[in-house]
Amino acid sequence: MDKTQKLEQIQSFTKEMQEIISPSDFSTDPYEIEVTSSDLSLLPKYHYKFKEEFRASFVIRPRNTEELSKVMRKCREYSIPVTIRAAATSCFSASSPTRGGAIIDTRRMNSVHKIDVNNMIVKCDAGISWLKLMEKLLDFLSRFPAALAGAAVEAYRNGRDDQYILVRDTRIYG
């Protein structure tokens with residue numbers, strides 16, 4: 001694909017994204033892309049200094065699973081690689097793009113939907129922060145075991161570049 005075709009694809013994708021999500025939740029700003037392209041590791045800083053072609057072209061911040069689903073569908077339709085990002089607290093460059101494309105920042109998907117005390121399961125969005133999750137669990141703390149270390153909200157890639165699975169249920173182990 002030459003530069004003209006790539007530019008046309010970016011413009012078409014951008015137009016379609018603005019029909020799906022709010023313009024404030026979609027960015028092509030180089031500064032925003034740089035900030036969301038790294039985590040606590042040093043690799044992204046090195047990586048992007050010498051390998052510009054791996055830099056993402058978009059940052060997309062869906063607010064709910066419906067928007068996320070539509071965004072993922074469009075990314076697949078346009079063959080745009082996707083990197084899922086939450087809080088970027090990893091030290092292993094897990095939220096750093098390696099093939100360009102779009103960064104899906106899930107931090108706006110940060111609600112707790114259900115707390116099942118009996119089964120010790122919390123149903124929450126993929127982008128919830130530990131702080132917000134723990135604040136929601138404070139009312140139930142006496143009912144949960146003291147150790148909450150097993151809780152995790154993760155995005156998995158199931159081995160194929162074009163299919164992603166988002167785990168929305170957080171299990172709490174004591």
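Student: Of the contacts with a separation of 6 or more, what share comes from residues 24 or more positions apart?
Tutor: Such residues account for 59% of those contacts in the chain. Contact means heavy atoms within 4.5 Å.

Student: What kind of model is this, and how are residues numbered?
Tutor: This is a predicted model, where local features need pLDDT of at least 70, side-chain atom pairs count only at pLDDT 80 or more, and totals for chains, interfaces and linings use all residues. Residues are numbered from 1 along each chain as its sequence is written, and side-chain values use heavy atoms, with hydrogens and water left out.

Student: What does the chain average for pLDDT?
Tutor: The average is 75, and 67% of the residues score at least 70. pLDDT is the predictor's confidence in each residue, from 0 to 100. Over residues 146-174 the pLDDT is below 50. That stretch still has 61 contacts in the model beyond near neighbours in sequence.

Student: How many helices and strands are there?
Tutor: The chain has 5 helices and 9 strands. Both are DSSP runs numbered from the N terminus: helices are H or I with at least four residues, strands are E with at least two. Along the sequence the pattern reads α-β-α-α-β-α-β-β-β-β-α-β-β-β.

Student: And what share of the residues is buried?
Tutor: Buried residues make up 36% of the 174 in the chain. Buried means under 20% relative accessible area, exposed over 50%, and partly exposed in between (1.4 Å probe, protein chains only).

Student: New topic. How many aromatic pairs are there?
Tutor: The count comes to 4 aromatic pairs. Rings of Phe, Tyr and Trp (its six-membered ring) pair if their centres lie within 6.5 Å. Planes under 30 degrees apart count as stacked, over 60 as edge-to-face, and the rest as tilted.

Student: What is the geometry of Phe13 and Phe26?
Tutor: Their ring centres are 6.4 Å apart and their planes are at 55°, so the pair is tilted. Phe13 sits in helix α1 and Phe26 in strand β1 (residues 26-27), 13 residues apart.

Student: How about Phe13 with Phe58?
Tutor: Phe13 and Phe58 also form a tilted pair, with 4.8 Å centre to centre and 50° between the planes. Phe13 lies in helix α1 and Phe58 in strand β2 (residues 58-60), so the pair ties together parts that are 45 residues apart in sequence. Phe13 and Phe58 are both buried.

Student: Which residues make up the aromatic cluster?
Tutor: Phe13, Phe26, Phe58 and Tyr78 form one cluster.

Student: What does Gln9 touch?
Tutor: Gln9 is in helix α1. Not counting residues up to four places away in sequence, Gln9 touches Met1, Tyr78 and Ile80. Gln9 and Ile80 are 71 residues apart along the chain, with their C-alpha atoms separated by 9.9 Å.

Student: What is phi of Ser79?
Tutor: Phi of Ser79 is near 55°, a positive value in a residue other than glycine. Most residues other than glycine have a negative phi. Ser79 is in the loop between α4 (65-77) and β3 (82-85). Ser79 is exposed, with a relative accessible area of 64%.

Student: Where is Ile128?
Tutor: Ile128 is in the loop between β6 (121-124) and α5 (130-137). At 10% relative accessibility, Ile128 counts as buried. Ile128 and Ala86 are 42 residues apart in sequence and 7.8 Å apart in space, C-alpha to C-alpha.
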